[in-house]
Amino acid sequence: MDQQGRKILYHYTDFQAVDGILSQAQLRVNNVLRMNDSAEMRHFMNGLCTAVAQRLEEDGDRERAGQVRTLFREEMKKEYSAFAACFSFHRDDAAQWERYGNRGRGVCIAFRREYLEKMAVGALSLQLVFYQNDMAGHPMVEVFYKLAKGGADLAGEEVRRAMYDAWACSVSFKDPSFRSEYEMRLVVSPFGKEELDIQPCYHVSKERIKKYYPLDLRAMCEKIGIGLEDLVTELIIGPDSTQSAAIFQDYLRDHGLHRLAERVSLSDCPLRVSI
């Protein structure tokens, strides 16, 4: 994909979420562990553990390698979670519609990447997702290898800090089978050094309680000197949606989003999931 294509990030969602994003200027970041990859975060941690242990084994230090494997095995019994809003570089993409755009009945919102990058400060970060199994070249391998070779107490504070850093990195790695998503994430990590000045919220359904963080897009836009209509460049109605474009445009105008009303289009994707 060329540099021009990489300047826009696409968020596929449903109309209920669009109402929150556009009328309330609120973007929710949700628990990464509840997303579609069942190995979220642990995929990286498993790969990191394997890479560190293999280096120690190559040195002939099998005992220390075993201790590292035990350390990571116990660590991954814990349920650490990060929170994220997900974006793809793919515009009007069939797989994205089916997985995230309410099976083609939702909306794709286009965001300017440069503005999201400016908003991602403090406890917020905009992270490119990598799709790989081999973590041998990741800098965290060297960190844990040196700690293990140096005789560090694997239950000590130095290793604990390194483990927090590893969990923070884990949000950016997924199994290669998800490579087609071509994703970036706006992430709230619990492992950062700065506190997030946003109170979490909880959505209660019949089946469970979900935790999320509501990001105030209007305030974030104001902080970098833009408006919501500068941040959003396009709104694409899904290929299997029954939504009238004219009514969607009326909705936008009645919420004061006149420029966005002119940026509504219908998907050209041939996806059809209705029977």
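Visitor: In what do the side chains of Glu-183 and Arg-185 meet?

Guide: As a general idea, side chains of opposite charge can pair when their charged atoms come close. Here the side chains of Glu-183 and Arg-185 form a salt bridge with an N to O distance of 2.8 Å, the term being applied when a side-chain nitrogen of Lys or Arg is within 4 Å of a carboxyl oxygen of Asp or Glu. Salt bridges with shared partners also connect Glu-40, Arg-99, Lys-174, Glu-181, Glu-183 and Arg-185 into one network. This is a predicted model, in which local features need pLDDT of at least 70 and side-chain atom pairs count only at pLDDT 80 or more, while totals for chains, interfaces and linings use all residues. Residues are numbered from 1 along each chain as its sequence is written, and side-chain values use heavy atoms, with hydrogens and water left out.

Visitor: Is Glu-183 buried or exposed?

Guide: The relative accessible area decides this: under 20% is buried, over 50% is exposed, and what lies in between is partly exposed, with a 1.4 Å probe and protein chains only. Glu-183, at 4% relative accessibility, counts as buried, and Arg-185 is buried with a relative accessible area of 1%.

Visitor: How many salt bridges does the structure hold, and where in the chain do Glu-57 and Arg-69 lie?

Guide: The structure holds 19 salt bridges. In one of them, the side chains of Glu-57 and Arg-69 meet at 3.4 Å, N to O; this pair links distant parts of the chain, with Glu-57 in helix α2 and Arg-69 in helix α3, 12 residues apart. Glu-57 is partly exposed at 26% relative accessibility, and Arg-69 is also partly exposed, with a relative accessible area of 30%.

Visitor: What span should the 14 residues of α3 have at 1.5 Å a residue?

Guide: The expected span of a helix is 1.5 Å times one less than its number of residues. For α3 that gives 20 Å, which agrees with the 20 Å between its end C-alpha atoms. Its buried residues are Arg-64, Ala-65, Val-68, Leu-71, Phe-72 and Glu-75. They cover an arc of only 120° around the axis, which puts them on the same side of α3, the arc being that of the directions from the helix axis to the C-beta atoms. On the face turned away from this buried side, α3 carries the exposed residues Arg-62 and Glu-63.

Visitor: Against which helices do the buried residues of α3 pack?

Guide: They pack against α2, α6 and α7. Leu-71 of α3 counts as buried at 15% relative accessibility, and it touches Leu-154, Val-159 and Met-163, not counting residues up to four places away in sequence. The C-alpha atoms of Leu-71 and Leu-154 are separated by 7.2 Å, although these residues are 83 residues apart along the chain.

Visitor: Which residues of α7 are buried?

Guide: Helix α7, residues 157–170, has Val-159, Ala-162, Met-163, Ala-166, Trp-167 and Ser-170 as its buried residues. Seen down the axis of α7, they fall within an arc of 145°, so they line one face of the helix. They pack against α2 (42–58), α3 (62–75), α6 (139–149) and β7 (173–174).

Visitor: How many helices and strands does the chain have, and what share of its residues count as buried?

Guide: The chain has 11 helices and 12 strands, and 47% of its 275 residues count as buried. Among contacts with a separation of 6 or more, 81% come from residues 24 or more positions apart.

Terms used: Helices (H or I, at least four residues) and strands (E, at least two) are DSSP runs, numbered from the N terminus. Contact means heavy atoms within 4.5 Å.
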